[in-house]
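Hello,

Here is the structure I said I would pass on, with the sequence alongside. My notes on what was found follow below.

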Amino acid sequence: MRKLFISLVISIGLFACSSPIDGTHAYLLPESTLDNPIFKVKTRVDLPDYLDTIGIAYRKSENELVSARKHVWAENLEGLLEERIDSSDALGESDKELIITFEQFNGSYTGNAEVKGTWVLSEQDVELARAEFESNTPLKESGYEALVEALGEGLDEVLADIQSQLNQSVHHQNH
């Protein structure tokens, strides 16, 4: 918590310094609507290089993805996602690991926030379960503020789906 507070203070400080001069806007994900902790297993987030940038990603066409220069994440995106995916209640399941790989976490020319990827649950390098996830959340209005809100909604939607699928797969393994 202290680390989060310090990084938030630094982010706000950096944002305050840079904003008036160059017009850069820094964003954090909105508060989650889900109950924490979400997962009861150790969890790791994986991002491809094109998403692991400071600029918020936007798909301009079917094949072109750009990273915004003036609209950036206030913190490392992987860190923001890992904060949202709290696995602090993972004590009893220490051998199991959930890896959530995001292929898309971006805005789109279609007017949606796109959240897409794959999750894998494993135990000592043996795959127990795997599934894909996808959410296309319409933006309520244009602009990066609305995009970040919609990305937060889409993220909550896929995390709730993953949680439900995990609960089913763990339930099946116990029987």
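**Asp156 and its surroundings**

Leaving aside neighbours within four places in sequence, Asp156 is in contact with Glu31, Ser32, Thr33, Leu34 and Arg84. Please keep in mind that this is a predicted model. Asp156 belongs to helix 3. Its relative accessible area is 5%, so Asp156 counts as buried. The side chain of Asp156 reaches the backbone nitrogen of Thr33 at 2.8 Å.

Gly152 is also placed in helix 3. With a relative accessible area of 3%, Gly152 is buried. Setting aside residues within four places in sequence, Gly152 is in contact with Leu29, Pro30 and Arg84. The C-alpha atoms of Gly152 and Phe105 are separated by 9.8 Å, while the two residues are 47 residues apart along the chain.

**The chain as a whole**

The protein chain has 3 helices and 7 strands. Read along the sequence, they follow the pattern α-β-β-β-β-α-β-β-β-α. Of the 175 residues in the chain, 38% are buried. The accessible surface comes to about 10,100 Å², and carbon and sulfur atoms account for 51% of that surface.

How much of the contact between residues at least 6 apart in sequence joins residues at least 24 apart? The share is 66%.

In soluble globular proteins, nonpolar side chains tend to be buried together. Here the largest nonpolar core has 35 residues, and those with the most contacts inside it are Phe39, Trp73, Ile100, Phe102, Phe105 and Trp119. At least two residues of this core come from each of strand 3 (55-59), helix 2 (77-84), strand 5 (96-108), strand 6 (112-123), strand 7 (126-138) and helix 3 (144-173). Which of the elements gives the most to this core? Helix 3 does, with 9 residues.

Not counting residues up to four places away in sequence, Ile100 touches Phe39, Thr43, Arg44, Val45, Asp46, Ile85, Thr118, Trp119, Phe133, Leu159 and Ile162.

**Aromatic pairs**

A pair of aromatic rings is described by the distance of the centres and the angle of the planes. The structure holds 3 aromatic pairs. One of them is formed by Trp73 and Phe105, with 6.1 Å from centre to centre and 40° between the planes, and this pair is tilted. Trp73 is in strand 4 (residues 65-73) and Phe105 is in strand 5, 32 residues apart, so the pair links distant parts of the chain. Trp73 and Phe105 are both buried.

Another pair, Phe102 and Phe105, is edge-to-face, at 5.9 Å centre to centre and with 80° between the planes. Trp73, Phe102, Phe105 and Phe133 form one aromatic cluster.

**Helix 2**

At the start of helix 2, a side-chain oxygen of Asn76 reaches to within 2.8 Å of the backbone nitrogen of Glu78.

**The loop between strand 6 and strand 7**

Most residues other than glycine have a negative phi, and most peptide bonds are trans. Gln124 is not a glycine, but has a positive phi of about 50°. Gln124 lies in the loop between strand 6 and strand 7, and with a relative accessible area of 60% it is exposed. Asp125 lies in the loop between strand 6 and strand 7. Asp125 has a positive phi of about 65°, although it is not a glycine. The relative accessible area of Asp125 is 81%, so Asp125 is exposed.

Regards

Technical notes. Residues numbered from 1 in each chain as written. Predicted model: local features only at pLDDT ≥ 70, side-chain atom pairs only at ≥ 80, totals over all residues. Heavy atoms only, no water. Helix = DSSP H or I, 4+ residues; strand = E, 2+ residues; numbered from the N terminus. Buried < 20%, exposed > 50% of the residue type's maximum accessible area, 1.4 Å probe, protein only. Contact = heavy atoms within 4.5 Å. Areas by Shrake-Rupley, 256 points an atom, 1.4 Å probe, with all protein chains shown as cover. Core = buried A, V, L, I, M, F, W, Y, C linked by side-chain atoms within 4.5 Å. Polar contact = N/O pair within 3.5 Å; in protein donor to acceptor, adjacent residues only side chain to side chain. Phe/Tyr/Trp six-rings, centres within 6.5 Å; stacked < 30°, edge-to-face > 60°.
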